[in-house]
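Please open the structure in the viewer and keep the selection tool at hand.

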Amino acid sequence: MLIYLQALDSAEDRTRFEALYTAYRGLMFHVAYGIVKNEQDAVHTAFLSLAEHALPPELGPRARCLAVTVAERKAIDLYR
């Protein structure tokens, strides 16, 4: 997780990312595993993408949907 936290600038962003990581890590692995059997790479790139571009302001249904969608898209990209 240290790699992801280095991509973030403020302490507030780091705190939000830690909460997102702990809350949705398992779900993202489950979604990626359904598409590709090497889900670690898909989830890793998904977390990097979330840290760099689209960190949601708070946990909730929108953050969950964003995390699952990004993991799914990254898994599909790896499948191709």
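Axes are lines fitted to C-alpha atoms, for helices over the stretch in contact, and the angle between two of them runs from 0 to 180 degrees between N-to-C directions. The model on display is a predicted one.

**First selection: α2 and α3.** Select residues 11–35, which form helix α2, together with residues 39–52, which form helix α3. The two helices pack at an angle of about 145°, and their axes are 10 Å apart. Their crossing is right-handed. To see the contact, display F17, L20, Y21, R25, M28, F29, A32 and Y33 on α2, and E39, Q40, A42, V43, A46, F47, L50 and A51 on α3. Of the residues in this contact, 13 are nonpolar, one is polar and two are charged.

**Next selection: S49.** Remain on helix α3 and select S49. Is this S49 buried or exposed? S49 is buried, because its relative accessible area is 18% and buried means under 20%. Apart from neighbours within four places in sequence, S49 is in contact with A54, V70 and K74.

**Final selection: α4.** Select residues 61–79, helix α4. At 1.5 Å a residue, its 19 residues should span 27 Å, and this agrees with the end C-alpha atoms, which are 27 Å apart. Colour A63, A67, V70, A71 and A75, which are buried in α4. Viewed down the axis of α4, the buried residues fall within an arc of 130°, so they line one face of the helix. The elements covering these buried residues include α2 and α3. On the other side of α4, select P61, R62 and Y79, which are exposed.

How values were computed
Residues are numbered from 1 along each chain as its sequence is written. This is a predicted model: local features need pLDDT of at least 70, side-chain atom pairs count only at pLDDT 80 or more; totals for chains, interfaces and linings use all residues. Side-chain values use heavy atoms; hydrogens and water are left out. Helices (H or I, at least four residues) and strands (E, at least two) are DSSP runs, numbered from the N terminus. A crossing is left-handed if the near helix is turned anticlockwise from the far one by less than a right angle, and right-handed if clockwise. Contact means heavy atoms within 4.5 Å. Ala, Val, Leu, Ile, Met, Phe, Trp, Tyr, Cys and Pro count as nonpolar, Asp, Glu, Lys and Arg as charged, and the others, Gly among them, as polar. The expected span of a helix is 1.5 Å times one less than its number of residues. Buried means under 20% relative accessible area, exposed over 50%, partly exposed in between (1.4 Å probe, protein chains only). The arc is that of the directions from the helix axis to the C-beta atoms.
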